[in-house]
Amino acid sequence: MTNISIAEYKAKYAKPRRKSKHRVSVKKERVMSEGEATLVQHLKSYNIEFQAEFQFNPERKWRADFYIVGSNVLIEVEGGIWSNGRHTRGKGYIADMEKYNSAQKLGYSVYRYSTEQVKSGKAIDEIRRLIG
């Protein structure tokens, strides 16, 4: 039995791996949360005109979950409240504050609801009072 080095073994027996010259970028499509999907149903059932994923600041890529057309009202459905999600961890919380403050500087009123508040009907009741 003869001993060969790993380099010799790879050169003799291993199949060469193809290396991709370009990295393929796959941008994932955003999936709507349960709270957002529920709020869409509520808004439609009351014929409230809205725009989902509304970019409110032309200088940043920030988007609000919903913009109520004909008003200056932005709605955010906050997820991950109890699961240590993005909105409740330090970095995400600070980023959210910057985003919401920017919206208010631009003249929007920002209303935030949890998924539970949307599912219970509290969110749509408040939205209807706001625009009614």
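Q: Before we get going, what does "exposed" mean here?
A: A residue is called exposed when its relative accessible area is over 50%, and buried when that area is under 20%, with partly exposed lying in between. The model we are looking at is a predicted one.

Q: Okay, so is asparagine 47 buried or exposed?
A: Asparagine 47 has a relative accessibility of 72%, and because the cut-off for exposed is over 50%, asparagine 47 counts as exposed.

Q: And where does asparagine 47 sit?
A: Asparagine 47 is found in the loop that runs between helix H2, residues 34-45, and strand S1, residues 50-54.

Q: What about the phi of asparagine 47?
A: The phi of asparagine 47 is near 55 degrees, which is a positive value in a residue other than glycine. Most residues other than glycine have a negative phi.

Q: Switching to glutamate 53, where is that one, and what is its phi?
A: Glutamate 53 belongs to strand S1, and although it is not a glycine, glutamate 53 has a positive phi of about 55 degrees. With a relative accessible area of 28%, glutamate 53 is partly exposed.

Q: New topic: is aspartate 65 buried or exposed?
A: Aspartate 65, which lies in strand S2 (residues 64-68), has a relative accessible area of 8%, so it is buried, the cut-off being under 20%.

Q: Which backbone atom does the side chain of aspartate 65 reach?
A: The side chain of aspartate 65 reaches the backbone nitrogen of valine 77, at 2.8 Å.

Q: What else is aspartate 65 in contact with?
A: Leaving aside neighbours within four places in sequence, the contacts of aspartate 65 include Arg30, Glu36, Gln51 and Ala52, as well as Glu53, Ile75 and Glu76.

Note on methods. Residues numbered from 1 in each chain as written. Predicted model: local features only at pLDDT ≥ 70, side-chain atom pairs only at ≥ 80, totals over all residues. Heavy atoms only, no water. Helix = DSSP H or I, 4+ residues; strand = E, 2+ residues; numbered from the N terminus. Buried < 20%, exposed > 50% of the residue type's maximum accessible area, 1.4 Å probe, protein only. Polar contact = N/O pair within 3.5 Å; in protein donor to acceptor, adjacent residues only side chain to side chain. Contact = heavy atoms within 4.5 Å.
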